[in-house]
Amino acid sequence: MRTHVTIDRELCIGSGQCALTAPGVFTQDDEGLSALLPEAEAGDGTGADLEEAARACPVSAITLG
């Protein structure tokens, strides 16, 4: 199943928990904020790692839908 990933960059504080939890989907940009990897830029990903990354975000900047 594919899951749409949205990152609220206004909320993001750059803790990096998403990139640690789901390194195949998330990275940090030049500003240190969360970003989707180029292969995931369509906003879609799969796997339980996405749910864990959303839960690990200390400011709830990641939304899955």
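**Figure 1. Counting the salt bridges in this predicted model.** The count comes to three salt bridges in the protein, and the model we're looking at is a predicted one. Two of these pairings bring in R9: one joins its side chain to that of D29, and another joins R9 to E31. The remaining pair is E52 with R55. If you're wondering why such pairs turn up, side chains of opposite charge can pair when their charged atoms come close.

**Figure 2. A close look at R9 and D29.** Here the side chains of D29 and R9 meet, with 2.6 Å from N to O. Where do these two sit along the chain? D29 is in the loop between β2 (26-28) and β3 (34-36), while R9 is in the loop between β1 (3-7) and α1 (17-21), so the pair links distant parts of the chain, 20 residues apart. D29 counts as partly exposed, at 23% relative accessibility. R9 counts as partly exposed too, at 36%.

**Figure 3. E31 joins in.** The side chain of E31 also meets R9 in a salt bridge, this time at 3.8 Å from N to O. E31 belongs to the loop between β2 and β3 and R9 to the loop between β1 and α1, with 22 residues separating them. Is E31 buried or exposed? E31 is exposed, with a relative accessible area of 62%.

**Figure 4. A pair within helix α2.** E52 and R55 form a salt bridge whose closest N and O atoms are 2.9 Å apart. Both residues belong to helix α2 (residues 48-56), and because they're three residues apart there, about one helical turn separates them. E52 is partly exposed, with a relative accessible area of 36%, whereas R55 counts as exposed at 57%.

Figure 5. How much relative accessibility does A53 have? The value is 0%, so A53 counts as buried. Leaving out residues up to four places away in sequence, A53 touches C18, T21, A22, F26 and I62. There's also Q17 to look for: it lies 36 residues from A53 along the chain, yet the C-alpha atoms of A53 and Q17 are separated by 6.7 Å.

**Figure 6. The two faces of β1, and its partner β5.** Strand β1 has a covered face made up of T3, V5 and I7, and an uncovered one with H4 and T6. Which strand does β1 join through three bridges? That's β5 (residues 62-64), and the two run antiparallel. Look for I7, which stands opposite I62 in β5.

**Figure 7. Stepping back to the whole chain.** After the close-ups, here's how the pieces line up. The protein has two helices and five strands, and along the sequence they follow the pattern β-α-β-β-β-α-β. Of its 65 residues, 37% count as buried. Among contacts with a separation of 6 or more, 59% come from residues 24 or more positions apart. The protein exposes about 3,900 Å², and carbon and sulfur atoms supply 49% of that area.

Terms used:
Residues are numbered from 1 along each chain as its sequence is written. This is a predicted model: local features need pLDDT of at least 70, side-chain atom pairs count only at pLDDT 80 or more; totals for chains, interfaces and linings use all residues. Side-chain values use heavy atoms; hydrogens and water are left out. Helices (H or I, at least four residues) and strands (E, at least two) are DSSP runs, numbered from the N terminus. Buried means under 20% relative accessible area, exposed over 50%, partly exposed in between (1.4 Å probe, protein chains only). Contact means heavy atoms within 4.5 Å. Accessible areas come from the Shrake-Rupley method with a 1.4 Å probe; for residues, only the protein chains shown count as cover. A salt bridge is a side-chain nitrogen of Lys or Arg within 4 Å of a carboxyl oxygen of Asp or Glu. Two strands pair if DSSP finds at least two bridges between them.
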